[in-house]
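Please open the model in a viewer and keep the sequence panel at hand. The stops below are to be selected one after another.

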Amino acid sequence: MTAIEYGVLALVILALLVVVLLRVASTRRSSGSTTLKTGTEETGAPIGPDAEPAATSVLELERPEPATGRLGRLRGRLAKSNTTLGKGLLALLSRGGLDEAAWDEVEETLLLADLGVASTQDLMARLRAGVRANDVNTVDAARLLLRTELIDALDPSMDRSLHVDRHRDVDRPSVVLVVGVNGTGKTTTTGKLARLLVADGRTVVLGAADTFRAAASDQLQTWGDRVGAHVVRGPDGGDPASVAFDAVATGIERGVDAVVIDTAGRLHTKTGLMDELGKVKRVAEKHGPVDEVLLVLDATTGQNGLVQARVFAEVVDITGVVLTKLDGTAKGGIVVSVQRELGVPVKLVGLGEGADDLAPFEPEVFVDALLAD
Ligand code: GDP
């Protein structure tokens, strides 16, 4: 071969090498975008040319805090509640030798703490009996008595577990409806609940059925994106029931553990609410029974919250209460009164605006936080 022929051969080999290298690079890029696409389906982030940022968002999915131990932070957050229910009662009872005027003060403290009339009367009778039987006149003795009676008033025998397990027998996710008046923290709670479930290793689809408040769907989308929960949305002002239906259908299709649906909380008239919520539940139940209906109540609204609770309880069968903003109230007795009023347990409490500030409710931990030094 001549030198020229050698040169041509080298150029051909070089060209071939360039072609092979280019092919390898393009295959890598396209397999990368497959991963991204899966991620973007979950996160709702852009796909295609914008795949790079989506990859980051997949990698950056948050790991919510485990559910256990969350209520422990209640002690700090309940600093304000301590003043009325815990510290107030403790100071009164530890005086010892209580006369009628002092008992009137105890009664007033219970009422001011939002315990409601019936629960206050009950607790008064028990405290009087306890003081008579145990000669209470020290802080420790008062704390012991209060601890027993307050825990009892919270009825620790109530089943506070969330029914959020997949129904393996019928191959269907569990379905949770989150109901309540707007402003109580309903959408936030739906988002926090998704995190709680993800933290426990469950997969979740969210339904943004509060189609009347424009920001609610976007808000829920953000919550979902952060933990990789798919969010089913409808058009603004669209039919909430159809979103609920689609959310459950999507949950079934994707084989997730739980579908959590945020609903509209317009308390315009009882009939209106009944029509709207009733329809959402009925339509969601075309796929099978709803497992949980959680009523979100704002703890800072006190007895007003109880009025709302009553209306909702007449409209749908509530299976549990979520008491939000417990960090922002000086009271706390509402936990007792709402359970008594509705006959359903407080299952979760909101302790702040942080993403993981939602904790399973435990009467003992709550009372210990109330009575802490
Ligand atoms: P919705 O209209 O019922 O859906 O209410 P949102 O979910 O939009 O919440 C209303 C406001 O309450 C928001 O600013 C939330 O951050 C706040 N919020 C919700 N839960 C809690 C809580 O447990 N503690 C505090 N401090 N704020 C909360």
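Select Val290 together with the residues it touches: leaving aside residues up to four places away in sequence, these are Val175, Leu177, Lys281, Ala284 and Glu285. The model is predicted. Val290 itself lies in the loop that runs between helix H11 (270-284) and strand S5 (292-298). Is Val290 buried or exposed? Val290 counts as buried because 23 other C-beta atoms lie within 10 Å, and the cut-off for that class is 20 or more.

Zoom out to the whole protein. Its secondary structure amounts to 14 helices and eight strands. Of its 373 residues, 42% count as buried. If the contacts between residues at least 6 apart in sequence are displayed, 73% of them join residues at least 24 apart.

Next, select the ligand and its surroundings. Which residues are closest to the ligand? They are Gly185, Lys186, Thr187, Thr188 and Gly350, out of 18 residues that surround it. Colouring this shell by residue class shows two nonpolar, eleven polar and five charged residues. Helix H8 (residues 186-199) is the element that gives the most to the shell, with three residues.

Move on to helix H13, residues 334-342. How many of its nine residues are buried? Seven are, and the helix is thus mostly covered. The buried positions in H13 are Ile334, Val335, Val336, Ser337, Val338, Gln339 and Glu341. Step just past the end of H13 to Gly343, where the backbone takes a positive phi of about 70°.

For the last stop, select helix H5 (residues 100-112) with helix H6 (residues 117-134). The two pack at an angle of about 145°, and their axes are 10 Å apart. The crossing in which H5 passes H6 is right-handed. Show the side chains at the contact: from H5 come Val106, Glu107, Leu110 and Leu111, and they meet Thr120, Leu123, Met124 and Leu127 of H6. By class, this contact of H5 with H6 consists of six nonpolar residues, one polar and one charged.

Notes
Residues are numbered from 1 along each chain as its sequence is written. This is a predicted model: local features need pLDDT of at least 70, side-chain atom pairs count only at pLDDT 80 or more; totals for chains, interfaces and linings use all residues. A residue is near a molecule or strand if its C-beta atom, placed from the backbone, lies within 6 Å of it. Helices (H or I, at least four residues) and strands (E, at least two) are DSSP runs, numbered from the N terminus. Ala, Val, Leu, Ile, Met, Phe, Trp, Tyr, Cys and Pro count as nonpolar, Asp, Glu, Lys and Arg as charged, and the others, Gly among them, as polar. A residue is buried if 20 or more other C-beta atoms lie within 10 Å of its own, exposed if 12 or fewer, and partly exposed in between; C-beta atoms are placed from the backbone. Two residues are in contact if their C-beta atoms, placed from the backbone, lie within 7 Å. Axes are lines fitted to C-alpha atoms, for helices over the stretch in contact, and angles run from 0 to 180 degrees between N-to-C directions. A crossing is left-handed if the near helix is turned anticlockwise from the far one by less than a right angle, and right-handed if clockwise.
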